[in-house]
Amino acid sequence: MAERTVGITLLGCGVVGSGVAQILHDQGDLIACRTGLRFDIRHVAVRDPSKHPKDLPLTTDISSAIADPKSEIIVELMGGTTTAASAIEQSLKLGKSVVTANKSLLAARGPELFALARKHDASIAFEASCAGGIPIINALMQGLVANRIDALVGIVNGTCNFILTQMTKHAQSYTDALKGAQAAGYAEADPSMDVQGRDAAQKLAILSSLAFNSLVRESDIHIEGIDTLDAADIKYSGELGYVIKLLAIAHRRGDQLSLRVHPTLVHQDDVLAEVSGSFNAVSLFGSATGHTLFYGRGAGKLPTASAVVSDLIATAMGVTPLAFKQLRIFPDALPPTRLLPIEELTTRFYLRMMIKDEPGVLAQITRVLGTHQISLASFLQHELLDGGAVPIVLTTHSAKEGAMQSALQEINKLPPLMSRPVCLRIIDQPKEFEAV
Ligand SMILES: NC(=O)c1ccc[n+]([C@@H]2O[C@H](COP(=O)([O-])OP(=O)(O)OC[C@H]3O[C@@H](n4cnc5c(N)ncnc54)[C@H](OP(=O)(O)O)[C@@H]3O)[C@@H](O)[C@H]2O)c1
């Protein structure tokens, strides 16, 4: 088979960009042998060339690097939503297909960028934007395309999973676990996008738009992060047989979609409970396949670069442009999602209350829950702590979120309560997510 050389421009040569250059260098022969394609990196655009290896074709002139007629595909790995957006727009207007890992940009401006690509007969590939090295977008676009997807449940933020694993397995506080994640390179100096759940929500927006044939925006998603999580709840959850994970959940309920990111109790027998450290996993529930699980490294230089190079190959082979023309699953071609309001969510709950040690308190709490049709599944009481508080931990059977929030407002006013109750949600997969 004759080899074809494909000229490309890399915009960004940081963690992911340098990984792409490394894979194309180290595996160039293997890729050529398998695909008949050899990639020629014509330009590498960066901010500060002095930081980068001199053997790369470095430039700070993004616009010329894109405009080079011999650069067929533009790989955007700068991140952010300003320079990256204008670079992608310039590329698409020139009819050049784009590969990107930029979940923030796609979540914010996906529909208009995809529409622009369509207008100029170009395509956008974005496997690396969600779950790093796990080929989850490929699975949704191809392997599972014959399924109606009923639910998607994912651990899609490695930073949070690393922090939660440290808190669970090593009894660390949130603050210490975050410091450890930063020291190990798993959390950024400003970790707010990760720990407040927004990064997971942006990925959920991208994945659920593909999975459920409706346009999901980050603002559609109910988001709670791990930054207010107390180590006590990890401990008590463990005593009840659960592990706390930050889950991104999209669940079809009739013709509506429930969309949420929050710390969640999963039973210790659940496969997601075993997903530790910086690993990611995504459970998909298909009408034909039932439960499938995708597991792997959700970030990092080479795993993410693997997804980028796979997109490069699919784009150069014409697979992505063809899929882009044929499939009606991209954000510019989708109707808005029909959202299940969070108050209508039905789920099980974990509650922890710190109360004064007085007779009859539990009866007062259960009476309030009962008046809101919330029944108890289990109960855990510990001895008096320093400061005179007694922790009471409850789990409930399935109840409406709205009913629980109303009950909590009443419980919060009970005189024996010493602080606001902690309320977390429990999932029970696979049972809960199979088709209704
Ligand atoms: N890191 C991961 O594990 C991971 C995983 C999945 C997705 N992603 C996504 O991949 C993208 C890149 O992430 P990263 O971790 O590789 O970022 P990074 O390490 O910060 O690298 C960014 C690169 O872009 C260059 N750059 C930034 N702004 C620029 C500008 N205005 N003009 C020219 N060059 C510019 C930087 O140049 P200098 O080096 O000269 O500063 C740097 O080489 C982001 O969208 C991110 O969300 C990352």
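**Overall size**

I started with the radius of gyration, taken over C-alpha atoms. The chain has 24 Å, which agrees with the value near 22 Å that a compact globule of 436 residues would have. The rule behind that expectation is 2.2 Å times the number of residues to the power 0.38. I noted that this is a predicted model, where local features need pLDDT of at least 70 and side-chain atom pairs count only at pLDDT 80 or more, while totals for chains, interfaces and linings use all residues. I also noted that residues are numbered from 1 along each chain as its sequence is written, and that side-chain values use heavy atoms, with hydrogens and water left out.

Next I looked at the extent of the C-alpha trace, which spans about 80 × 45 × 35 Å along its principal axes. I found 15 helices and 17 strands in the chain. These are DSSP runs numbered from the N terminus, helices being H or I with at least four residues and strands E with at least two.

How much of the chain is buried? I got 54% of the 436 residues. Buried means under 20% relative accessible area, exposed over 50%, and partly exposed in between, with a 1.4 Å probe and protein chains only. The chain exposes about 18500 Å², and carbon and sulfur atoms supply 51% of that area. Accessible areas come from the Shrake-Rupley method with a 1.4 Å probe, and for residues only the protein chains shown count as cover.

I then checked contacts, meaning heavy atoms within 4.5 Å. Among contacts in the chain with a separation of 6 or more, 73% are between residues 24 or more positions apart.

**Around the ligand**

Which residues come nearest to the ligand? Of the 23 around it, I wrote down Cys13, Val16, Asp48, His52 and Gly300. A residue is near a molecule if one of its heavy atoms lies within 4 Å of it. By class I have 11 nonpolar, eight polar and four charged residues in this shell. Here Ala, Val, Leu, Ile, Met, Phe, Trp, Tyr, Cys and Pro count as nonpolar, Asp, Glu, Lys and Arg as charged, and the others, Gly among them, as polar.

I looked up polar contacts too, that is, pairs of N or O atoms within 3.5 Å; within protein, one must be able to donate a hydrogen and the other to accept it, and residues adjacent in sequence count only if both atoms are side-chain atoms. A polar backbone atom of Gly300 is 2.7 Å from an oxygen atom of the ligand. For Val16, a polar backbone atom is 2.9 Å from a ligand oxygen. With Lys51, a polar side-chain atom lies 2.9 Å from an oxygen of the ligand. The protein covers 79% of the 900 Å² of accessible area that the ligand has on its own.

**Two buried strand residues**

I picked Thr9 in strand β1 (residues 4-11). Thr9 is buried, since its relative accessible area is 0%. A polar atom of the Thr9 side chain lies 2.8 Å from the backbone oxygen of Ala65. Ala65 is also one of the residues Thr9 touches beyond four places in sequence, and others include His43, Ile66 and Ser71.

Asn280 sits in strand β11 (residues 279-286). At 0% relative accessibility, Asn280 counts as buried. Beyond four places in sequence, Asn280 is in contact with residues including Ala131, Asn157, Phe294 and Gly298.

Ala131 then got a look of its own. I found Ala131 in the loop between β6 (124-125) and α6 (136-143). Phi of Ala131 is near 60 degrees, a positive value in a residue other than glycine. Ala131 is buried, at a relative accessible area of 1%.

Gln373 also has a positive phi near 60 degrees. Its loop runs between α14 (361-371) and β14 (376-381). Is Gln373 buried or exposed? I have Gln373 as exposed, with a relative accessible area of 66%.

Pro430 belongs to the segment after β17 (422-427).

Phe379 lies in strand β14 and is partly exposed at 37% relative accessible area. Leaving aside neighbours within four places in sequence, Phe379 is in contact with Leu362, Ile392, Val393 and Leu394.

Gly290, in strand β12 (residues 290-297), is partly exposed at 22%. Not counting residues up to four places away in sequence, Gly290 touches Leu284 and Phe285.
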